[in-house]
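Subject: Structure handover and notes

Dear colleague,

I am passing on the structure below, together with some notes on what was found in it. Please read them with the model open beside you.

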Amino acid sequence: MSATPISPDFTPSVLDGIEQIDAVWENTDTLIVKLEQTNNPYVKAANIINEYKTNGYLEINGKRSYEAFFFINSVTDIAAILKHCNLSNDEVKIVCASEDKNQAKLSGYTISNSRDANKKFTFITSKSFEGADYFSDTGLCFVVSNSRNKNTLLDISTDIYQIAGRIRTETNPFRNTLVHIFNTTGKRKLNLDITYDEYKISIQNEIELATKIINAVNEANNGKGIAEKMIKSEYIMNDGNGKYLLNDMVVKLDLMNFKIEQ
């Protein structure tokens, strides 16, 4: 069972033919997403932090939030915001993987876990996008996506659904509110000016080429080692027994990433 099923287009082929049953829940909550489009998501996040610090709270529709939860999947970018806003270790709770490289980036700050006591500002990476519960009477959830940093791009159909449910306190007036700070600029590998169907056609052309390469290498006798070195397509994988085959999960990942970036 999954709370975040993925589109049939991206379902792993090993699940082909297995019946899918959708659970229909009664009395569901409506999520309110406030969109904050900006040229610089981190400056926008910094301005929000400064408003919290100046007033002691952020007011939305007459209700005051005294704690902010920022979901940003980049320790480097979190560190930059901390420095820009001159936040002290006592003001922040940072939930990310406890690794040496992260500790080095967050020099002077403590890496916490989701169960540690709340602070005014909580920064959370994908380590706790799922399966971690947060409790706050007035905490407001901010998702920050920067198109210049692929790590921060989130799938609206899965990741943001998970993030929206992280704050569990039922009396919190902001429990069903999420502020998404994002931009649409930056250099992308993908050509987003084409449609999804046009992108699928381009992928199919790559699949056909990869299939020809796979057949040629698998059928080669003399010079097979040279033929193997010519394989550059990320869609081709070795089955571990000297044969090559199409890696359909990478194909589906490319299709899914295209939709995410759009």
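In this predicted model, strand 4, which covers residues 67-71, is largely enclosed by the rest of the structure, because five of its five residues are buried. The side chains of strand 4 are divided between two directions, with E67, F69 and F71 pointing one way and A68 and F70 the other way, and all of them are buried.

Strand 4 has a parallel partner in strand 8 (residues 139-145), to which five bridges join it, and it also runs parallel to strand 7 (residues 121-124), with four bridges between the two.

Helix 2 comprises residues 75-84, and its buried residues are V75, D77, I78, A79, I81 and L82. Those buried residues pack against helix 1 (41-55), strand 5 (92-95), helix 3 (100-105) and strand 7. Just after helix 2 comes N86, which takes a positive phi of about 55 degrees.

The loop between strand 7 and strand 8 contains T125. With a relative accessible area of 6%, T125 falls under the 20% cut-off and therefore counts as buried. Leaving aside residues up to four places away in sequence, T125 touches I72, N73, S74, V75, I78, V95, C96 and A97; of these contacts, V75 and I78 are also listed among the buried residues of helix 2.

A search of the whole structure for disulfides finds zero.

The buried residues of helix 5 are Y196, Y199, I203, I207, A210, I214, V217 and N218.

With best wishes

Technical notes. Residues are numbered from 1 along each chain as its sequence is written. This is a predicted model: local features need pLDDT of at least 70, side-chain atom pairs count only at pLDDT 80 or more; totals for chains, interfaces and linings use all residues. Side-chain values use heavy atoms; hydrogens and water are left out. Buried means under 20% relative accessible area, exposed over 50%, partly exposed in between (1.4 Å probe, protein chains only). Two strands pair if DSSP finds at least two bridges between them. Contact means heavy atoms within 4.5 Å. A disulfide is a pair of cysteine sulfur atoms within 2.5 Å.
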